[in-house]
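I opened this model to look up its ring pairs, its charge pairs and its overall build. My notes follow in the order in which I went through them.

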Amino acid sequence: MQRRRFGSTGFEASVIGQGTWPLPDRDALQRGIDLGMTHIDTAEMYGDGRSEEIVGEAIAPYRRESLFIVSKFVPSNGTRPRLQNACERSLQRLRIDYLDCYLLHWRGDVDLAEAMAGLEALLEAGKIRSLGVSNLDPWDLREAAQGLRGAQIACDQVLYNLGERTPEAHELPWCRDNGAAFVAYTPLGRPRNRAAETVLTAIAGEHGVTNEAVALAFLVRDPLTFAIPKANALTHVEANAAAGDLRLSEDEIKRIDAAYPIRNRSGALPMN
Ligand code: NAP
């Protein structure tokens, strides 16, 4: 499993992580960790904390330093006192004493400067090792970055898959310019297009992996990028882990790029 630096944090995370919504399965998460998918994404919102509890059960036997645990708070918890409490509750459910990265889940009507100040306070208190955001477009990313006194935004986690490549033209350049990681959620989504699928099938056959593994490897071809597929089926967990060792050739990347072309986006960053 390839690992790479998570934005400008100086910490490494597995390029393929594990999503946890809808509710994850403890055994599947552990199988994923054993295969190197030690980067786990959760959120207080997922099952009203139940996802974090299951992650907590799954990670309990592992060395804390071997894991990269990310959670998210809802915008309504983005004020300083509420954020401190939300973080404490997440840590309790996860049974750990720090998060590797803590994200604002979406913009909502949060005061970004206040939320960033709250995150910096958690950083100073040692409750989190880095701070980030999710579902923010470049406009909001700039505003969030301006609200920080010294810390940097470690990542933007966005909807990014073969059917939704517009973030490559919008959010990815911001991440590149600002040293942030670019994290793909719902990475397995793609249009039902038989002709395009045959391209994935051919490449998958050449490597002895699944079409999904090829799709994931394509998304993480950029050295800033991570993907967090969610899988409860063990066969899916194993297929996704295989993507972490799969290196596509320039020619394979060109063929996938042509089959699932990037499109322009004029509206807001999609969230589903
Ligand atoms: P996804 O990971 O693209 O797809 C999950 C679905 O694909 C599940 O039905 C899963 O089935 C199936 N699957 C997984 N691996 C597979 C494989 N190798 N072959 C075939 N099918 C496979 O989508 P997602 O769950 O929406 O997104 C992933 C994670 O991103 C979430 O769990 C969550 O942590 C995060 N997320 C974040 C946001 C945000 O706003 N920041 C929004 C949505 C999601 P089984 O479970 O049955 O194996």
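**Ring pairs**

I began with the rings and found F6, F68 and F226 linked into a cluster by ring pairs. The model is predicted, so I took local features only at pLDDT of at least 70 and side-chain atom pairs only at pLDDT 80 or more, while totals for chains, interfaces and linings use all residues. Residues are numbered from 1 along each chain as its sequence is written, and side-chain values use heavy atoms, with hydrogens and water left out.

For a pair I required ring centres of Phe, Tyr or Trp (its six-membered ring) within 6.5 Å, with planes under 30 degrees apart called stacked, over 60 edge-to-face and the rest tilted. The count came to 5 aromatic pairs. F6 and F68 make a tilted one, at 4.7 Å centre to centre and 50° between the planes. This pair links distant parts of the chain: F6 is in the loop between strand 1 (3-5) and strand 2 (12-14), and F68 is in strand 4 (residues 68-73), 62 residues apart. Helices (H or I, at least four residues) and strands (E, at least two) are DSSP runs, numbered from the N terminus.

Are F6 and F68 buried or exposed? I used under 20% relative accessible area for buried, over 50% for exposed and in between for partly exposed (1.4 Å probe, protein chains only). F6 is buried at 1%, and F68 is buried at 2%.

**Charges over rings**

I counted a charge as over a ring if NZ of Lys or CZ of Arg is within 6 Å of the ring centre and within 35 degrees of the ring normal. R64 lies over the face of Y98, 3.9 Å from the ring centre. The charged end of R129 sits over the ring of F11, 3.6 Å from its centre.

**Salt bridges**

My rule was a side-chain nitrogen of Lys or Arg within 4 Å of a carboxyl oxygen of Asp or Glu. It gave 24 salt bridges. In one of them K127 pairs with E88, the closest N and O atoms being 3.0 Å apart. K127 lies in the loop between helix 4 (112-124) and strand 6 (131-134) and E88 in helix 3 (residues 80-94), so the pair ties together parts 39 residues apart in sequence. K127 is partly exposed at 25% relative accessible area, and E88 is partly exposed at 28%.

I then took D257 and R165, whose closest N and O atoms are 2.8 Å apart. D257 is in helix 10 (residues 250-259) and R165 in the loop between strand 7 (153-159) and helix 6 (171-177), 92 residues apart. D257 is partly exposed at 32%, whereas R165 is buried at 4%. Salt bridges that share partners join R165, E168, R221 and D257 into one network.

E44 is buried yet has no salt bridge, and the nearest side chain of opposite charge, R93, is 4.4 Å away (Lys and Arg count as positive, Asp and Glu as negative; His and the chain ends are not counted). E44 sits in the loop between strand 3 (39-41) and helix 2 (50-59).

**Overall build**

I noted 10 helices and 9 strands in the protein chain. Of its 272 residues, 56% count as buried. The C-alpha atoms fill a box of roughly 55 × 45 × 30 Å, taken along the principal axes.
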